[in-house]
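Me: I would like to go through this structure with you, one topic at a time. Could we begin with the aromatic residues?

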Amino acid sequence: MSAVTATAPAAPASAAGKPLPPISYKAPIGYASVAALALLLFGILPASGRETTFTMFWPGENLEFTVPSKLTAIVLCLVALALSAWSFQAARTRRKVGIWLPAVYSVALIFALLTWAVAGKAQPLPLTSLLQGSLFLAVPLVFGALAGLLCERSGIINIAIEGQLLAGAFLAAVVATLTQSAYMGLVAAPIAGALVSALLVAFAIKYVVDQIIVGVVLNVLVVGITSYLFSTVLKDNAGTLNSPPRLPTIAIPGLSDIPVIGPVLFRQTALVYIMYIVVIVLQVLIFRSRWGLRLRAVGEHPKAADTVGIKVNRTRLRNTLLGGAVAGLGGAFFTVANGLAFGKEMTGGKGFIALAAMILGRWSPKGALAAALLFGFADNLQVVLGIIGTPIPSQIMLMTPYVVTIFAVAGLVGRVRAPAAEGVAYVK
């Protein structure tokens, strides 16, 4: 008589024999909820006018076009709802949704908002200027996020990005004023950021102090030092120490004449072009080079990296200094890139938003760039809509960049995993 063994039901398996991922409707429900709310606010509730006028760059002129406000908003919200339904279907059948869906979904809702907010206004909404300003405002966030990425990929938590940005802004303003060269200020800014990082690695690596505490203390220290120097030195000698020239806008021939996006991408200052190069170089080096492999190995499993001959603490030291220099370069945005004098705490918390961009971008240069552009767009949107005038209360508009940051990190990040050895000191 043969024995009969009871077995538990097998988990569903794919054609390759691997267990299928669990079905999750969190993203589709989120998409549908936001789209339904947008349809109620922008499509059903009355707008302030019947038509909305936009302008965009076209070679030789600014192209102006007008659309019916309510009908356009309703159609765009219905497109977002259709994408939500597609997301439900993809989740039900366990299909991966490409980046195109959230991108198209976001664009549809943003244009629905703009169509509703600018309805009936005599002044048209300049789309090209809106995008151009968004990219420019994203610059310090991109450099700050890249600084955090370089440090955390090697295992050092860099909470001091705010201080590194502020130090870079300070030194850039002073050096640019003394030399009357904005480019010399651009050269000096990374030095200030690297000096702040030197203190971070000294306490985090040599004295094994908690890295988060060190970062917070460094932020307070830089704010105190720069505020003191501003009050005692710069304020009384503004003409000789705190009147930096502005970086000139450089238009790349041919590329800057591309319709719509030409001025956005290729009519910017040298700092923006440096940002393009840094993002591309880091994306390639971190994921396609031996240096990047060692960097990631130190951040994931320092003991294993040590056993194959990689100097863990030396690698962390070098990359943290490099991260500080990158953040300092971003600090130059606040002074020489805008032609503004240095002011107390002028970075305004951008270092912490850069940290959010790094997390939202999943510790990837291209992801950090995309997240920073999102926050830069939200920042510039409240400025542009404030100038044109909208039915949205001004207090809500001022909150926009920070609300977008919170919702993006809380709702869009999902399950992300930081480098395994992040914040863990390595003592051989």
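Reply: Tyr 31 and Tyr 105 are both buried, where buried means under 20% relative accessible area, exposed over 50%, and partly exposed in between (1.4 Å probe, protein chains only). This is a predicted model, in which local features need pLDDT of at least 70 and side-chain atom pairs count only at pLDDT 80 or more, while totals for chains, interfaces and linings use all residues. Residues are numbered from 1 along each chain as its sequence is written, and side-chain values use heavy atoms, with hydrogens and water left out.

Me: How many aromatic pairs does a search of the whole structure find?

Reply: The search finds twelve aromatic pairs. Rings of Phe, Tyr and Trp (its six-membered ring) pair if their centres lie within 6.5 Å; planes under 30 degrees apart count as stacked, over 60 as edge-to-face and the rest as tilted.

Me: And how far apart are the ring centres of Tyr 31 and Tyr 105?

Reply: The centres are 4.7 Å apart and the planes of the two rings stand at 55°, so the pair is tilted. Because Tyr 31 belongs to helix H1 (residues 26-44) and Tyr 105 to helix H3 (residues 100-117), the pair ties together parts that are 74 residues apart in sequence. Helices (H or I, at least four residues) and strands (E, at least two) are DSSP runs, numbered from the N terminus.

Me: Which residues form an aromatic cluster?

Reply: One such cluster consists of Phe 54, Phe 65 and Phe 111.

Me: Changing topic to helix packing: at what angle do H6 and H14 pack?

Reply: Helix H6 (residues 161-179) and helix H14 (residues 312-331) pack at about 55°, and their axes are 7 Å apart. Axes are lines fitted to C-alpha atoms, for helices over the stretch in contact, and angles run from 0 to 180 degrees between N-to-C directions. H6 and H14 are therefore oblique to each other; angles under 35 degrees count as roughly parallel, over 145 as roughly antiparallel, 65 to 115 as roughly perpendicular and the rest as oblique.

Me: Which residues meet there?

Reply: From H6, Gln 164, Leu 165, Gly 168 and Ala 169 meet Gly 323, Gly 324, Ala 327, Gly 328, Gly 330 and Gly 331 of H14, contact meaning heavy atoms within 4.5 Å. This contact between H6 and H14 comprises three nonpolar, seven polar and no charged residues. Ala, Val, Leu, Ile, Met, Phe, Trp, Tyr, Cys and Pro count as nonpolar, Asp, Glu, Lys and Arg as charged, and the others, Gly among them, as polar.

Me: What about H12 and H14, at what angle do they pack?

Reply: Helix H12 (residues 290-300) packs with H14 at an angle of about 110°, with the axes 10 Å apart. H12 and H14 are therefore roughly perpendicular to each other. In H12, Trp 291, Leu 295 and Val 298 meet Val 312, Thr 315, Arg 316, Asn 319 and Leu 322 in H14. The residues of this contact of H12 with H14 divide into five nonpolar, two polar and one charged.

Me: Back to H6 for a moment: is Thr 177 buried or exposed?

Reply: Thr 177, which lies in helix H6, has 4% relative accessibility and therefore counts as buried. Leaving aside residues up to four places away in sequence, Thr 177 touches several residues, including Gly 239, Leu 241 and Pro 245.

Me: Finally, the backbone. Which residue has a positive phi of about 60°?

Reply: That residue is Arg 94, although it is not a glycine. Most residues other than glycine have a negative phi. Arg 94 sits in the loop between helix H2 (69-92) and H3 and, at 33% relative accessibility, counts as partly exposed. Glu 345, not a glycine, also has a positive phi, of about 50°, and lies in the loop between H14 and helix H15 (350-360).
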